[in-house]
Amino acid sequence: MRVPKEGEFITIQSYKHDGSLHRTWRDTMVLKTSECSIIGINDHTLVTESDGRRWVTREPAILYFHMKYWFNIIAMIREKGVSYYCNLASPYVLDEEALKYIDYDLDIKVFPDGEKRLLDVDEYEDHRAQMNYPDEIDLVLKENVKTLVDWINNEKGPFSMEYVDVWYKRYQQLSRRQ
């Protein structure tokens, strides 16, 4: 797969462990690619749910995907500050069609005041039983929750305001060119 260039648009597809399509984001702008990661932004992006429902994102959101970590991070830029939504998910793969990953239900939400909440634990346990998540995946996900909480607590990477500012400014520059 050709690596998308800065300013290009890609589709993002999340799947469930059983291979079913979960959600699709169309026209995510790529801000940066490296050997192991992609940073993008959604701003009024069309989202299609597995049942066909469609909606549009409300605010700019900087996205961080990595090929080695079992999570992705969404920094939502809102009037009251930046909120984060972190999906526990497989590392991404990129093909001709889209950036793809498996969503493993567990999420961590970080509010502008720093409060953290682990979400969807019941959904994770239900899907783990229904879709037979292997014990190895359960262990990897729990280790990645620890890594993610460490990043949050230490304002590492996407959790630093400088990161959000740099990438949002880059988006604004690229948007003016189009």
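Tutor: Ground rules before we start: it's a predicted model, where local features need pLDDT of at least 70, side-chain atom pairs count only at pLDDT 80 or more, and totals for chains, interfaces and linings use all residues. Residues are numbered from 1 along each chain as its sequence is written, and side-chain values use heavy atoms, with hydrogens and water left out.

Student: Why is Asn-87 called buried?

Tutor: Buried means under 20% relative accessible area, exposed over 50%, and partly exposed in between (1.4 Å probe, protein chains only). Asn-87 has 6% relative accessibility, so it counts as buried.

Student: And how do you know that Arg-23 is partly exposed?

Tutor: Its relative accessible area is 22%, so Arg-23 goes in the in-between class. UniProt, in an unreviewed entry, places the feature "active site" at Arg-23; such annotations may be inferred rather than shown by experiment, positions are in the numbering used here, and feature names are shortened.

Student: What makes Gln-13 a contact of Arg-23?

Tutor: Contact means heavy atoms within 4.5 Å. Leaving aside neighbours within four places in sequence, Arg-23 is in contact with Ile-12, Gln-13, Ser-14, Val-47, Thr-48 and Glu-49. Gln-13 is buried, with a relative accessible area of 8%.

Student: What makes Arg-23 part of a strand, and which one?

Tutor: Strands are DSSP runs of E, at least two residues, and helices are runs of H or I, at least four, numbered from the N terminus. Arg-23 is found in strand β2 (residues 21–33), while Gln-13 is in strand β1 (residues 9–15).

Student: How do you know that the "binding site" residues gather at one spot?

Tutor: The unreviewed UniProt entry lists Asn-87, Asp-103 and Asp-107 for that feature. They span 21 residues in sequence, yet no two of their C-alpha atoms are more than 9.4 Å apart, so they gather at one spot. The lining of the largest pocket takes in Asn-87, Asp-103 and Asp-107 too.

Student: What makes something a pocket, or a lining residue?

Tutor: Take a 1 Å grid over the protein atoms alone: a pocket is an open set of points with protein on both sides within 12 Å along at least five of seven lines, whereas a cavity is a set where a 1.4 Å probe fits but cannot get out. Lining residues have an atom within 4 Å of a point.

Student: Why is the link between Asp-107 and Tyr-85 called a polar contact?

Tutor: A polar contact is a pair of N or O atoms within 3.5 Å; within protein, one must be able to donate a hydrogen and the other to accept it, and residues adjacent in sequence count only if both atoms are side-chain atoms. The side chains of Asp-107 and Tyr-85 make one at 3.0 Å. Likewise, the side chains of Asn-87 and Asn-72 are joined by a polar contact of 2.8 Å.

Student: Why is the Phe-65 and Tyr-92 pair called edge-to-face?

Tutor: Rings of Phe, Tyr and Trp (its six-membered ring) pair if their centres lie within 6.5 Å; planes under 30 degrees apart count as stacked, over 60 as edge-to-face and the rest as tilted. Here the centres are 6.4 Å apart and the planes make 75°, so this is an edge-to-face pair. Phe-65 lies in strand β6 (residues 61–66) and Tyr-92 in the loop between β8 and β9 (93–94), so the pair ties together parts that are 27 residues apart in sequence.
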